[in-house]
Amino acid sequence: MASSGSNSHVLTYEGCNFLRQRLVLATLSNRPVKIKKIRSKDANPGVQDFEASFIRLLDRITNGSRIEVNETGTTVYYQPGLLHGGKIEHDCNEQRAIGYYLEALICLAPFTKEPLHATLRGVTNDQVDVSVDYLKATCLPLLQQFGLIANLDLKITKRGAAPEGGGEVIFTCPNPRKLRPVKITDFGKIKRIRGWAFATRVSPQTANRIVESARGVLNRCLTDIYIYTDHRKGQQGGKSPGFGLTLVAETTTGVMLGSEAVSRPKGADGDPTVPEDLGRGASKLLLEEIYRGGCVDSVNQSIALLFMALGDQDVSKAVLGPLTPYTIQFLRHLQDFFKVMFKIETLKADDDTELCTGADKIQLTCIGVGYTNLSKKTS
Amino acid sequence: MSEFEAASQKPHRARQHGRKQEKKKAKTTQDENLSAKQRNPKAFTAQSAVRMARQYRRAQDVKTKKQHIPYVDRTPLEPPPIVVGIVGPPKVGKSTLMQCLIKNFTKQKLSNVQGPVTIVSGKKRRLTLFECGNDISSMIDIAKVADLVLLLIDASFGFEMEIFEFLNICQVHGFPKIMGVLTHLDHFKNNKQLRNTKKRLKHRFWTDVYPGAKLFYLSGMVYGEYQKTEIHNLGRFISVMKFRQLQWRTTHPYVLADRMEDLTGPEDVRQNPKCDRTVALYGFLRGAHMRANSSVHIPGCGDFVVQDVSMLHDPCPLPDKEKKRALNQKERLIYAPFSGVGGIVYDKDAVYIDLGGSHHHQKEPEQITPGSTHELVSSIIDTKHTIDTKMAASEVSIFRGSVPVTSTQVESSASGPQEEMVTDETTGRTRRRAVFEEEEEGGENSSEEERDDEEDEDGMTQVDPEVSFRTPGDGHASKKRKVTGQEKDGYTFADSDDDLEVDWDILHPPGKTPVPKMTATSKTVKTTEEEDNTDKDDDSEDDDGDEEMDVAMETTKEKNPSTQLGRDSLRTKNAPRETTTEVDVPKTMANLKQDEGSAGIVEQKAKKVDSKAEKSDSEMNSNMSDSSGGEDVDEDAGSELDDDDDDGDSDDEVDEEEDDDEDEEEDSSIEEYGDEEEKDERITPDETSAVLPLETEGALKWKENLSQKATDAFLRRQADTPNLRKLVYGRVAEDQSSDEEDDELGGLFKRTTKKSEGRRGGPNDLDCAKFPITTGEAREFEEIYDLIKDCFVTGDWGTQDAKRQLEEDEALYGDFEDLETGETHTAQTEEKEEEGGEDQKDNQEDQNSGETTSVDKTAQEKLLEKKRKLKELFNAEYDNEEGGESYYDSLKQELEQQAQMNRAEFEDMDAETRAQYEGYRPGMYVRLEVPGMPCEFVTNFDASYPVIVGALMSGEDSVGYVQMRLKKHRWHKRILKTRDPLIFSVGWRRFQSVPLYSIQDHNMRNRLLKYTPEHLHCSTTIWGPITPQGTGILCVQSVGDRSSDFRIATTGVVVELDKSVNIVKKLKLTGYPLKIYKNTAFIKDMFNSILEVAKFEGATVRTVSGIRGTIKKAIKAPEGAFRATFEDKIKLSDIVFVRTWCPVQVPRLYNPLTTLLLAEKDKWSGMKTVGQLKFERSIRNNPSQDSLYKPVERKPQRFRPLRVPVKLQQHLPFKTKPKQNPAKPVKVMDRPVVIMEPHERKVAALMKALRSVHKDKKAQEKQKVKERYQNYRKLLEKETAKREAREKQSKKKVYSMMTQMETKRKKKQGLSHDVPKMGKFE
């Protein structure tokens, strides 16, 4: 049989780190991947529940994929099928927030057979992962630049804080045949800051306290600041108490930079979080994010790079802040799976202008692989 | 006075005669004749709104029709040669045409053309001519790659099937340009017949191509060639032709191979003639950018992964860009290795080098660009001493401050290796292994894939450092030990990889070098080195000369297989690449503490410097990611692990030695860092190749003033941002190891190392995209805000500042007056100068000529800039004149900009780096090394069949269900049957598969069809290679036969790809009533078990008579029977059935056509259809008796009488109502017989007699009356006749009297009347 060609180059990796990247890229590139030694020396070896849940999610949106996990769970072999998409529902494991799953889903969504309409249930905000508010505020505008415009939405129907979750989001994404090459190089100037302070199963006053403190910090930079409060009660508020703040700075060219802070989950070690500290912390993080700068948020770097690499066979450019380790690894994986190498240049600020715009920016340039949506049906 | 003047002025007199008057007259008269509308059409344009709308719509239609979907122009600056396919039925003159074209362009006569021939046809155009054979496989392949097709038609015969078949193939696979060429026109003796034929053929051709398609006429032969002028014209047409981009080809890179080399070792072939071959294919890259290690498909052969892509010197370059009218003789190049042009002739078992007397040979020196290769060779030639003596003389200090070691010293501690031939069973490749006496009993390694390496390593690792090159995890990656002499004042290998060798040389004592026995001549060695160098060199100066040499060597090798060295060196061209991968291995090992590998420890040591470099990388990484881990720890771990890895279990001793060494090194790590760091920074992407030798040099001289360097580097590092490219992609990027993908192990290890330095880098760390800023807490708000204050709209806008822009504008556009304020702004003096007079400038120039030139220049530039801006402004305004630009225009502009960006982005990079980023560009001459080719490809190689290497995009190398829309070709004789195997041509591939035809019902159900519809599209599903949607499909039933029928069975397009299918066919289950109640019945024999029934509960059933019902529930006995309810009582004789849909499996047959592997390439035969098999074996099915046709017997129909229901009758009118008691006829026979009495009888007899008398009397009377009446009639007639006669007589009298009276009266009146009137009256 002819599948020999694809079977011959199985990519092998070790460790559970970057599992999502590897599985997502394997799915997109249709190359089988084998991940060995997953926590093999750990007290609790093998894939954990949240990873298993992720693998299940992957199985749900693909058709014909084969996943083999060995007995101890330390080795995963994944032979991808075709992305199917459509209407799916998934109960995400509470160990990780929905953001963990959603990030991967965003990478896959534009290439499905049917437009994706995913309902994810679980923890919407926690301290480890990217929250859904954050993705909604920063990632969706980014996706629009690649031509994913109609029906792109992330709706938070229920909120659920860690550890018990109970939140629900609905993510819809169109599936064009090809992605547009982009040129995201103009940062512009930050013109406004928006925020969303949420509070679930705690006093509604908490959100207002967060807003107050965050404004106290940010008002010194800019006047156009508005922070929405989102207090959820009853069924909509999930199962655990929690509160948090997501801030987004928008520039004149539509670049979104964000930051967030979430309260310490119930039952965790340490003192309970004070809303004022949280507000200040988030605002400071926003300033740090602005310091890092770039036209793509540090969390979304990998998504932007992925879609640049999967674009048409044209040059795409993006200016980013310092690369995160996750992104660096992602670049290497992109080279493994798609043989795409990015041209990486450091942009130096002009000497004569001497503007204070934070860290040195990095310009990444690549030629897309001309990836087309192979699963979508044509008439 | 004025009055006088006025009087004196003559009044104007209009001209009465002459030219002017005539003109004027003509004008006025014309005006008179025309209608107002004709005279002034513009005034009447808007008379009807409807008409206006229609006109507008039509105008828009016409405009839109002209528009094509704009695309990004990706044609390279130096495009590849245009593929001209010469196609036609046999004996039509293809070869002759090809020869003539070649002769026309190159003035050379090529007698025996085989394979593609590349020629330079003009200043900007090259052509690759290819003669397509007559089998359908070649035709399909050529249609996929040809840019222009010369379709030869034998005019004396007319069109042949091949022509139309080929046209249809072209239509499916993107329509290339097609030019018809009519030959054999000299067969026509009659001129008129010739003309008619031409016309007929032309019009038929036009219907299939497009109206107005070019058709050439080659009128006749002169001395076996076509007429020169005609060929010349044809050539000119080809030279100026423009081409459209075809969808498939712009997205898929491909190579039409014009040269093939078998790289497999002759020894392997000798031992196992059927072993898989490694083949190098050469050709111009076309289509899109090709990335290294892409998987490819070779039509007629199969799927492969290209192991190595390297660009070679263009064998047929375009002339220099000088302004000339025509090419000179030297520039008319021709390149056709298969045909023996270009220096080398390939035969089945030998290679001949053509030293020919043609000018071709002379150009070679020009082609060799003066580069390192050349210098290297010359340096080798110039060498006075042998390597051994040099080695002996050289000394090396391994560590700082240590005593330099000479080769003799090391010699004492180690004994030299001996050569041994090893043949790898798996790959069938021979290697030369160096065996050390002490370590014959080497340890064993666990991993099987590295088994062949292990022996080497065991041999080498213990005592003496020795370089071994290995590719981790690759079964047939070549492995080689390289021995090179290195002397400081001697030649150096200008390559980074060589620093390994150098290091090794340093470490290795001279004299004891494991130099393989030089069985080959010294010349061979030189060549080898040269070869290595060429490959390593980023410029890759592989020119004809080199190749010739290589080949020459290969031939010698083949003649005496015992001399392996040359061949080996040739074969393992990859060695340098492998080493580069190797470099990465150590760092990766750092993470995987437990991992066992089998790399030579010694090479570890040899590469100390490199690993240091990596460490510096990692340091940068850690800087970036703000890790707290100290470098020392990392390094320790790293080095230890390296060792662990590399020696496996066997060499513990050495381990420790190594560790010591490492520690020592680490002490001086700072200095080394500096050194390496410096180098790292020197390596910018643009100058990799240039820098690499420096690195080598550095490795040698790293001892020199280290501390100074370290401080320098440290400072620089502080100032600069880290070299990100290196940080991300590591060493690989620098050295372009194309092998990295092949062995994932290497790739993997490298990667994980990087992470280990990062915060969350460990292989089992938390997987999270978020990267919290640890410094965030440390920094205060004000501190951060000061750094970013210009990011906000409130900050400084820099050059975008409105105020600053205004100033600049002023400078640019000069002075103006603000009308509101009345202020007058003046431009700066510089501007004034330039706009002002020339005088000033002249003066200035006089004063100080030196300075002014520069000023002048800048001024001029500014002027130019200004002009350009103005022009742009004007253009923008001019284009937007009509209500802004349309969507189409803006889209076009956008794509144009994108194209420009694509071109400009990597323009100024060196070729090798560029290839890493964007892949190999179309237009390059590349060499593709393809391992694992079947041996038949080589043994049955025939250059006259096209060898296409078509790259596959990601995902296209897998197999799945392909759904397509097909239509039987209208010229194909028969419809096609489901499950009959069919040969598909999709994308690059040709394969056999088993299709299922289906059609979609209205409820989206895919229903299986037994046969393709006659004239309708149907959906078809096969198990086959994933190919993008919208790709054209062509099917033939067989490629072997050449029947007279039209061979193309169907054409279509790919619609959908999936990993599962849902095609169903109808299945009716029948059952019989068991027992019938009123509306309920028990049905048996439909199912076999209760379970089955349970599955169908609620399903609709129906009887043959049409009574509908539902399955209710299973009953206990008999098994499978069930209760069903019906809308009416059914009969026991009814058959009950349920309609079900049964999913159909698509047979998983995907059988690529392996035509290129056959000795007779057009005799491929795969799976046969059932019909074919039956026909061949003359099997006939016994038909079911029920299916046979019998004569139909029909009984006469008898209808029952009509019964009107009583209720209806009541409502009917009386007339139509059937009567209650209709009068029944009296039956006479029913009356009783009367028996009369004698008396009565007498009376009756009397009465009868009387009656008969009476009757008789009556009859007589009647007779009498009749007679009387007749008599009377006669009398009456007589009377009438008499009377008539009498009347006639009297009438006669009266008329005559009247006449007389009349005449008398007329006579009386005749005195006054004319005679004619009288006559008239008469």
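Select A:Arg20 and B:Asp767: their side chains meet in a salt bridge, with N and O 3.3 Å apart. A salt bridge here is a side-chain nitrogen of Lys or Arg within 4 Å of a carboxyl oxygen of Asp or Glu. Side chains of opposite charge can pair when their charged atoms come close. The model is predicted: local features need pLDDT of at least 70, side-chain atom pairs count only at pLDDT 80 or more, and totals for chains, interfaces and linings use all residues. Residues are numbered from 1 along each chain as its sequence is written, chains are lettered from A and ligands numbered from 1 in the order in which they are written, and side-chain values use heavy atoms, with hydrogens and water left out.

**The interface of chains A and B**

Now display both chains together. In chain A, 107 residues are in contact with 100 residues of chain B, where contact means heavy atoms within 4.5 Å. The size of an interface is often given as the accessible area lost when the parts come together. For chain A and chain B the buried area is about 9300 Å², and carbon and sulfur atoms give 57% of it. Buried area is the accessible area (1.4 Å probe) that two parts lose on being put together, summed over both. The rule finds 10 salt bridges across this interface.

Next, select B:Glu1056 and A:Lys113, whose side chains form a salt bridge with a distance of 2.8 Å from N to O. B:Glu1056 belongs to strand β33 (residues 1048-1058) of chain B and A:Lys113 to the loop between α4 (98-108) and β8 (114-122) of chain A, so the pair joins two chains. Helices (H or I, at least four residues) and strands (E, at least two) are DSSP runs, numbered from the N terminus. B:Glu1056 is buried at 13% relative accessibility, and A:Lys113 is buried at 7%. Buried means under 20% relative accessible area, exposed over 50%, and partly exposed in between (1.4 Å probe, protein chains only).

**Chain A**

Chain A has nine helices and 18 strands, and buried residues make up 66% of its 379 residues. Among contacts in chain A with a separation of 6 or more, 75% are between residues 24 or more positions apart.

Select A:Asp224 and A:Arg194, which meet in a salt bridge (3.2 Å, N to O). This pair links distant parts of the chain, 30 residues apart: A:Asp224 lies in the loop between α6 (205-218) and β13 (225-232), and A:Arg194 in strand β12 (residues 190-200). A:Asp224 is partly exposed, at 32% relative accessible area.

Move to A:Asn30, in the loop between α2 (19-29) and β2 (33-36) of chain A. Phi of A:Asn30 is near 60 degrees, a positive value in a residue other than glycine. A:Asn30 is buried, with a relative accessible area of 7%.

Then find A:Pro163, in the loop between β9 (153-158) and β10 (167-173) of chain A. The peptide bond from A:Ala162 to A:Pro163 is cis, with omega near 0 degrees.

**Chain B**

In chain B, select helix α5 (residues 94-106). At 1.5 Å a residue, its 13 residues should span 18 Å, and its end C-alpha atoms are 18 Å apart, which agrees. The expected span is 1.5 Å times one less than the number of residues in the helix. Of the 13 residues of α5(B), 10 are buried, including B:Leu97, B:Met98 and B:Phe105. B:Lys107 follows α5(B) and has a positive phi, near 60 degrees.

Helix α8 (residues 191-208) of chain B holds both B:Asp208 and B:Arg204, four residues apart, about one turn of the helix. The closest N and O atoms of their salt bridge are 2.7 Å apart. B:Asp208 is buried at 11% relative accessible area, whereas B:Arg204 is partly exposed at 30%.

Continue to B:Pro1118, in the loop between β37 (1108-1114) and β38 (1122-1126) of chain B. The peptide bond from B:Ala1117 to B:Pro1118 is cis, with omega near -5 degrees.

**The cysteines**

Finally, select A:Cys173. How far is its sulfur from the closest cysteine sulfur? The distance is 9.4 Å, to A:Cys139, too far for a bond.

Key
A disulfide is a pair of cysteine sulfur atoms within 2.5 Å.
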